[in-house]
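Please have the sequence and the structure open side by side as you read.

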Amino acid sequence: MKSRQLIKIAGTASLAMTLMLTSSSFSTIPAHAAASSASQSKTTWSVLDVKHKPYLNKGVVFIPLKEVSEQLQLQLTVSGKHDLYINSPTQSVRIIIGQSRAVPAKGTALKLEAPPVVKKGVTYVPASLITKAFGIPLKYDSKSGLRTTFNSWSSYAATSQANMLFWLNKENGMLSMGKAGTTPVQVGTVPVEDMDIVTLNAHQVNSSTYVLNLSNYYGEPHIHEGRYRLLIRDNKILKQTKTTHSNFAGINYNKDQLGYKGLIAMMNGSTLELVHPTGKTVKTYDLAALTGVDDHFVVEAIEADFLLVRSYKQAVLYAVHPSANKAELIYPEIVDEESQKMIEEYPSNEVGYFGDGLTYTGYTSGKLHFDFKNPVLGKSEKYTYTLPF
């Protein structure tokens, strides 16, 4: 049974507008979006923080589309000079500036109360479009502002690469993806533990292959991080890996390198795999065995002559031979004695510990270049390290 919706003006003095789900012949919305007034009265309405305020024109509430979409986990994709797509994990709707009709990827066209407009560079749409197309309740009045019952914090994490969109359901770990203008498809489940503050970013390898990076910060305080990397091909997760650490000191770790010469770096705890886009593992490194350190690692650089990896607990860099079973700790070869002593004696689980203080800046003719900072001793240097192999 489908429900319908209209905009109700409650009091002309306050211009209190409520987007209510009621029976009407005006337009259709998904059945799950409907809710009784009794259940709505018990629902928590949270305020959407928007810089550009909604406004009323001829009884229609207009909202700033970009700001509202960001807070409702809707992704916007521009497809032309005057048209764009509004995308959710289950729907994509095309709107055209100046036209009072929206076209969803699935379902029938939606008639809007008024056409979307652009005012001073900001795109505004009728608020009822969001409720009709995506089943997200909205309320607005001049005193309380724009409000919703949608809980974006616990619902989805999202990212995009060009016109390919990705969504992670934070309740069950289901990952969906799809191009703007199409209905997303489920590609698999990511078993994220203690899912809390999640960020995503995606890279396109080729027309059918993507790498998705996921970071999850959790615990109280949020000092624990799980890093996940997914290799996705033809809308299917081929391979996924994971590293974890507890960052008591607050060290700003680098991101893992994407890969090298078409191979993708998949960091699984202390095991680094270089993987072909088809999912085949080409080379494996047991970093715990090579370095003698029982820890998870970050891979900071991959070159023909070496790999650069950092352990999480001590946050120190190792140069790894790309083919031989050999790894060398770098900082003892280049930093001064006083700095070495602090690196080795300062507790690595205390705030203020900075690891070896080395930041990789480049590689030329068998030499690695680093910036070095020791904030406790007030030292700042530039060092060159010659590969020992």
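Two strands count as paired if DSSP finds at least two bridges between them; strands are DSSP runs of E with at least two residues, numbered from the N terminus. This is a predicted model, in which local features need pLDDT of at least 70 and side-chain atom pairs count only at pLDDT 80 or more, while totals for chains, interfaces and linings use all residues. Residues are numbered from 1 along each chain as its sequence is written, and side-chain values use heavy atoms, with hydrogens and water left out.

**Confidence**
- The mean pLDDT (the predictor's confidence in each residue, from 0 to 100) is 89 for the protein, and 89% of its residues reach 70 or more.
- Residues 1–41 have pLDDT below 50, and this stretch makes 91 contacts (heavy atoms within 4.5 Å) beyond near neighbours in sequence in the model.

- The four strands follow the order 20-21-22-23, with antiparallel pairing.
- Strand 20 (197–206) and strand 23 (236–246) sit at the edges, each pairing on one side only.
- Strand 21 (residues 209–218) and strand 22 (residues 224–233) are joined by ten bridges in the antiparallel sense.
- Asn216 has Gly226 of strand 22 as its bridge partner.

- Strand 6 (residues 60–64) runs antiparallel to strand 13 and is joined to it by three bridges; Phe62 is bridged to Pro126.
- Strand 12 (residues 117–119) also pairs with strand 13 in the antiparallel sense, over three bridges, and Lys119 has Val122 as its bridge partner.
- Two residues lie between strands 12 and 13 in their hairpin, where Lys120 takes a positive phi near 55°.

**Nonpolar cores**
- A nonpolar core is a set of buried Ala, Val, Leu, Ile, Met, Phe, Trp, Tyr and Cys residues joined through side-chain atoms within 4.5 Å.
- The largest has 41 residues, of which Leu287, Leu308, Ile330, Leu358 and Phe370 touch the most other members.
- Strand 28 (residues 297–302) gives the most to this core, with five residues.
- Another core, of 25 residues, lies apart from it and includes Val93, Ile95, Ile136 and Leu146.

Methods: Buried means under 20% relative accessible area, exposed over 50%, partly exposed in between (1.4 Å probe, protein chains only).
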